[in-house]
Amino acid sequence: MTMKHNVFLYVKNHFGVLFALIFFGLAACEEEANCVTDNTNIVTLQFTKLLANEGGNAEEDYQDSVIVTAEGTIAGIPEGGASLIGLPLDPANNTTTFYIYRQLEEGVFTVDTLVLRYRREQTLISPECGPDQRFFDVDTVLSTFDSIRVRNPEVQQSGTIANLQVFTCRYELTNVMQLEYTYAANDDDISDTLFVSRIYSNIGKEDILLDTAIAEGESITVAVPVARNENQAQVFLETAEATPTTYHTRAFYRLDAFQVADCLPQDRYRLDSMQLWVNADSLADPAPEVVNTTFNINTTVNGEIIIQ
Amino acid sequence: MGKLLFSSGLAWMIGISLLHAQAMDSLDAIGKYEPLALRVGVSINNAIQTLSRSDDTQYSFQADAVFGRYMLAAEYGTAEISRTNLTQQDVTNPYRYASQGWFFRAGPDVNLLINQAKSSFRADADIIFFGLRFARAQVTDAMVLQTKDDVFSADGNNNGFWESQQLRVENNGLGVIWLEMTAGMKVQLYRNIFLGYNLRFKFGRSFSRNQSLIPYEVPGFGKGENGESFGFDYYLFYRIPFRK
């Protein structure tokens, strides 16, 4: 009897819990859905230029004009000038073939073919929000670009890293060294001018510069080509009616190969050190200074030489 | 959300473990594991949903064989749902979705209401239980949707050129497995009739293959895009005693 009484009390006590949980449980069934999605079908492609300074710095390569079309569409996207473009993936297939037209110079276009493969995933966010499609695992099947790599295979609106990176392989390395001659200012109050009759080097037969003048405190810069099979260039500056008559600069350089991704390797010249001889057996003071080692078309000065 | 569910499950388990530890002495003293009865039940909330929503048909059944303090539970259910927004006006992203499938789950339960068990193993008493489940489901579903027309970009960015296309994506007999921690109670209402509920923390959801369409509703699990899920089921049981 006592047992039954306890059970009755127990059930009675727990009915409240049971029925409370009925309503709690049913109320918890409906879940609020967030209709905002981060998914998109726009793959971003960034053009990158190779500057090759000190190990290969890369920077965006601005294209004057880009037009994108795709197989299976009639429309094209005039992107205008850009270094970052958007490629809309076909939402109904797992591969899309793009044709990307780039203007190289006025009236001259190049066209590249790019075939992308990717996976798609569809979900129903909620009956109210409707369906959503995610694009991911983007990869290149075919590309006629010099070099391309997938940096971010996830296609999302909030993605801060471009999905694809195209190296335009526009190296800016050169075999020309830039030397700057500065005519140092004297302590006196008279403004002197150094007259230079000729500057030439042991590489190449033509004179680099003829009949010029450097005002006190001013500089001139000369472009000196270097040879592939040498490791130094000797540059002679001949003065007119001045002492010493010749300034003899020795620039020691080395050559290696630089390559990024699938681009062809390029010769890279780097300036190691310089000497300035004022006579056959005496070095000038101060010694010339190397300011930029790599020979690059964007570099204005590789070595600075001060003439007293 | 996942962390909240996990911490809830963890807190539940800790609570259950404490109860369990307190009861160990009584258990050792009893130590009987005889099949006493079979309880078979039907999910009440599934039945309510089936009756209240014309586009949903869901049933699930549960049976547990009582071996003294321990029970072996098995559950089976079917689900058939459909969703669409084609009945609405001015819909920007029309779709139609339908799925059907079944699930099965099985695992042990342990009765934590020791005082009741100690006095009687007749399987006619109330129980509070904790259990584990291995679950498997199979779902066949399809969605028809319309992609956005990008030819004329409204925002002027000209960032698309695909015309609107109709897509049909489907799964044919996609297998899904997961694990569950469950806890609940069963209360005797009258003689062989019991009322009970299961709280479930479902985790480790895995699809049997790479699929394009993520099932909106996996029978027995919930939204297919979630790796974890929290569930609640109410059951009405009938007890079939094996011995007096």
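In chain A, four strands form an open sheet with mixed pairing, in the order S14-S11-S20-S19. Its edges are strand S14 (219-225) and strand S19 (289-290), each of which pairs on one side only. S19(A) runs antiparallel to strand S20 (residues 303-307) of chain A, and two bridges join them. A:Val290 has A:Gly303 in S20(A) as its bridge partner.

The model is predicted. The secondary structure of chain A as a whole consists of one helix and 20 strands. Chain A has 308 residues, of which 26% are buried. Where contacts in this chain link residues at least 6 apart in sequence, 53% of them join residues at least 24 apart.

The largest nonpolar core contains 24 residues, and the members that touch the most others are A:Val43, A:Leu45 and A:Leu87. Two or more residues of this core come from each of the following elements of chain A: strand S1 (42-50), strand S3 (63-70), strand S5 (84-88), strand S6 (95-105), strand S7 (108-126), strand S8 (130-143) and strand S10 (164-167). With residues up to four places away in sequence left out of the count, A:Val43 touches A:Leu87, A:Leu89, A:Leu116, A:Val138, A:Val155, A:Asn163 and A:Leu164. In soluble globular proteins, nonpolar side chains tend to be buried together.

How values were computed
Residues numbered from 1 in each chain as written. Chains lettered and ligands numbered in written order. Predicted model: local features only at pLDDT ≥ 70, side-chain atom pairs only at ≥ 80, totals over all residues. Buried ≥ 20, exposed ≤ 12 C-beta atoms within 10 Å, placed from the backbone. Contact = placed C-beta atoms within 7 Å. Core = buried A, V, L, I, M, F, W, Y, C linked by C-beta atoms within 7 Å. Pairing = 2+ DSSP bridges.
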